[in-house]
Amino acid sequence: MKILYFRKNGSLHPGIITDQGVIDVDAYRQRHSLPAFNGRPLRIDDLTILRELMVKAKDLPEFLVPEALLQVAGCVPEPPKIICIGLNYRKHALESNMPIPESPVVFSKFSNTLTDFGEAVPLGHAGQQFDYEVELGVVIGATCKNVKRENALQYVLGYCVANDLSCRDLQFKTSQWLIGKTPDKFLPLGKYLLTADEVPDPQQLELRCYRNGQIRQHSNTRDMIFSVSDIIEELSRYMTLSPGDLILTGTPEGVIMGMPEKNWLIPGDIIRTEIELLGYTENTMI
Ligand code: ZN
């Protein structure tokens with residue numbers, strides 16, 4: 001199931017993408033005196049109800065909206081946490097002149113970095129060395145702590161494609177990467193979250209990134225140093241993971257930082273990231 005979020009009357013509402021159009025889940029629920037889903041993250045428990053709705057979509061024309069009429073937001077609204085893993089692909093660690101990590105490098109972004117789908121990204125004036133990073137995003141669907149890797153994927157609601165935009169001069173201004181990762185709108189997400197049941201293996205997904213139509217990154221999630229399961233086990237050892245938490249799993253080689261001649265992103269550049277099954281992000285830098 002593909003779940004997106006759209007703006008309506010000042011808040012974000014979930015929609016299910018179907019061949020007939022997007023089901024306005026909250027409109028249907030309000031009509032049937034059920035609590036709306038806006039304002040709280042979806043949980044794995046909610047998916048049964050959403051699937052039932054999807055099956056009867058054809059019979060619900062009054063709740064179907066053409067996708068073109070919607071203002072589509074990022075596919076993860078207001079995540080309680082945005083946790084990022086650095087240097088998680090061997091060749092990217094090498095191109096960055098960094099050692100292969102022995103345990104995951106963990107940093108964070110905040111909700112100010114989210115964009116609507118396809119929204120322009122202001123590069124701002126605080127830094128200069130702007131770079132792209134295609135990444136697999138993982139969204140948690142149930143509260144968990146001290147998860148073992150064998151069970152970790154049970155807690156995943158779904159997956160999406162992301163672009164962990166980064167400002168390298170700010171990232172390496174001190175030992176903490178935070179300010180280089182958290183400028184406004186520096187986390188474009190794909191149009192939809194694909195529920196975990198439709199991703200047979202999160203470690204077998206092709207990823208690509210294009211700058212102005214030219215391919216810059218091309219890898220596969222099988223090259224991750226720490227798998228999605230490893231990451232969930234590691235993070236949940238230290239903190240409770242909650243529904244709606246978004247985990248970015250690192251980027252493969254091909255970023256500008258790793259190139260001999262570094263032509264950083266400039267206004268007008270169009271960056272597209274793609275992951276097999278998960279769609280794409282495409283944003284113009286301004
Ligand atoms: Zn990253």
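View 1. The centres of domain 1 and domain 2, taken over C-alpha atoms, are 27 Å apart. Domain 1 spans 2–72 and domain 2 spans 82–284, with bounds from an automatic or database domain assignment. The model is predicted: local features need pLDDT of at least 70, side-chain atom pairs count only at pLDDT 80 or more, and totals for chains, interfaces and linings use all residues. Residues are numbered from 1 along each chain as its sequence is written, and side-chain values use heavy atoms, with hydrogens and water left out. Domain 1 brings 14 residues to the contact and domain 2 brings 16 residues; contact means heavy atoms within 4.5 Å. About 1,300 Å² is buried between domain 1 and domain 2, and carbon and sulfur atoms give 58% of this area. Buried area is the accessible area (1.4 Å probe) that two parts lose on being put together, summed over both. Lys2, Ile44 and Val72 supply 41% of what domain 1 buries against domain 2, more than any other three residues.

View 2. Glu133 (OE), Glu135 (OE) and Asp164 (OD) are the protein donors, at 1.9 to 2.1 Å from the zinc ion. Donors are N, O and S atoms within 2.8 Å of the metal (3.2 Å for Na, K and Ca); water is not among the atoms, so sites may look incomplete. The donor residues follow the spacing E-x1-E-x28-D in sequence. Glutamate 133 has 4% relative accessibility and so counts as buried. Glutamate 135 is buried too, at 1% relative accessible area. Buried means under 20% relative accessible area, exposed over 50%, and partly exposed in between (1.4 Å probe, protein chains only).

**View 3. An open sheet of ten strands.** The strand order is E4-E3-E2-E1-E11-E9-E8-E14-E5-E6, and the pairing is mixed. Helices (H or I, at least four residues) and strands (E, at least two) are DSSP runs, numbered from the N terminus. Two strands pair if DSSP finds at least two bridges between them. Strands E8 (residues 134–140) and E9 (residues 156–163) run antiparallel, joined by seven bridges. Glycine 137 has cysteine 160 of E9 as its bridge partner. Helix H2 (residues 47–55) packs on the sheet and touches strands E1 (2–8), E2 (11–18), E3 (21–24), E9 and E11 (193–195). The direction of H2 makes about 55° with that of E2. Axes are lines fitted to C-alpha atoms, for helices over the stretch in contact, and angles run from 0 to 180 degrees between N-to-C directions.

View 4. Six bridges link E1 to E2 in antiparallel fashion. Tyrosine 5 pairs with proline 14 of E2 as bridge partner. E1 and E2 form a hairpin with two residues between them, and asparagine 9 in the turn has a positive phi of about 50°. E2 and E3 also run antiparallel, with four bridges. Here isoleucine 16 has isoleucine 23 of E3 as its bridge partner. Two residues lie between E2 and E3 in their hairpin.

View 5. Nine of the eleven residues of helix H6 (residues 228–238) are buried, so the helix is largely enclosed by the rest of the structure. Among them are Val228, Ile231, Ile232 and Leu235. Asp230, Glu233 and Glu234 of H6 are buried as well. The cover over the buried residues of H6 includes strand E5 (82–86), E6, E8, E9 and strand E14 (246–248).
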